[in-house]
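Student: I am new to this structure and would like to go through its packing step by step. Could we start with the contacts of a single residue?

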Amino acid sequence: MTTKANASAAGEAEVRSHLGTPTDLKQTAVHEISAGLRAVLADVFALYIKTKNFHWHMSGRHFRDYHLLLDEQGEQIFAMTDPLAERARKIGGTTLHSVGEIARLTKVADNDALYVTPEDMLSELREDNLALTARMRQVHGVCDEGGDIATASLLENWIDETERRTWFLFESTRPAFGSNS
């Protein structure tokens with residue numbers, strides 16, 4: 001083992017001695033699942049901020065409907081944060097530590113534009129929710145491999161909620177009523 005690998009293993013052992021929670025899951029599963037949960041949590045925080053950004057900067061003829069839609073979606077997204085982090089801790093893993101860690105792990109792109117059209121806001125959030133669904137499905141697969149049915153069950157509910165948000169955003173961005181193209 002290299003010196004860097006030894007230091008990393010020693011650091012992980014120290015963290016387990018202070019933060020480890022008893023579990024029947026294998027340590028490799030705990031490591032992989034909690035890493036996946038950290039990545040999902042980073043995406044959830046980034047998506048929450050982006051959703052609130054667009055909520056705060058919404059304008060136009062559908063302002064009220066879109067403003068309320070994004071407020072509702074933001075609340076739903078934020079409600080995922082604590083259960084995600086606590087699930088990682090329940091199985092003996094660790095979770096996010098900082099905004100910097102969120103920035104390093106998230107796949108949700110920032111949008112710092114001074115003005116974004118309502119249609120572009122909703123379309124961008126639709127795509128971000130689709131990507132979050134895909135990431136949660138990936139972590140669900142890791143949970144299946146590691147035998148963590150409780151985390152998989154939570155992810156299944158959040159996947160369903162995220163698909164619903166995607167559906168609402170899709171319907172809100174249709175170019176014409178009833179057109180599925």
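Student: Which residues does valine 40 touch, leaving out those up to four places away in sequence?

Tutor: The model is a predicted one. Sequence neighbours up to four places away are set aside, and what remains for valine 40 is a list of contacts. That list is Leu84, Leu132, Arg135, Met136 and Val139.

Student: How is the aromatic pair of tyrosine 48 and phenylalanine 78 classed?

Tutor: A search of the whole structure finds two aromatic pairs. In the pair of tyrosine 48 and phenylalanine 78, the centres are 5.0 Å apart and the planes make an angle of 45 degrees. Angles under 30 degrees count as stacked and those over 60 as edge-to-face, so this pair is tilted.

Student: How far apart in sequence are the parts that this pair ties together?

Tutor: Tyrosine 48 belongs to helix α2 (residues 27-56). Phenylalanine 78 belongs to helix α3 (residues 63-78), so the pair ties together parts whose separation in sequence is 30 residues.

Student: What kind of pair do tryptophan 167 and phenylalanine 168 form?

Tutor: Their ring centres lie 5.3 Å apart. The planes are at 85 degrees, so the pair is edge-to-face.

Student: Is phenylalanine 168 buried, partly exposed or exposed?

Tutor: Buried means under 20% and exposed means over 50%. Phenylalanine 168 has 27% relative accessibility, so it counts as partly exposed.

Conventions: Residues are numbered from 1 along each chain as its sequence is written. This is a predicted model: local features need pLDDT of at least 70, side-chain atom pairs count only at pLDDT 80 or more; totals for chains, interfaces and linings use all residues. Side-chain values use heavy atoms; hydrogens and water are left out. Rings of Phe, Tyr and Trp (its six-membered ring) pair if their centres lie within 6.5 Å; planes under 30 degrees apart count as stacked, over 60 as edge-to-face and the rest as tilted. Helices (H or I, at least four residues) and strands (E, at least two) are DSSP runs, numbered from the N terminus. Buried means under 20% relative accessible area, exposed over 50%, partly exposed in between (1.4 Å probe, protein chains only). Contact means heavy atoms within 4.5 Å.
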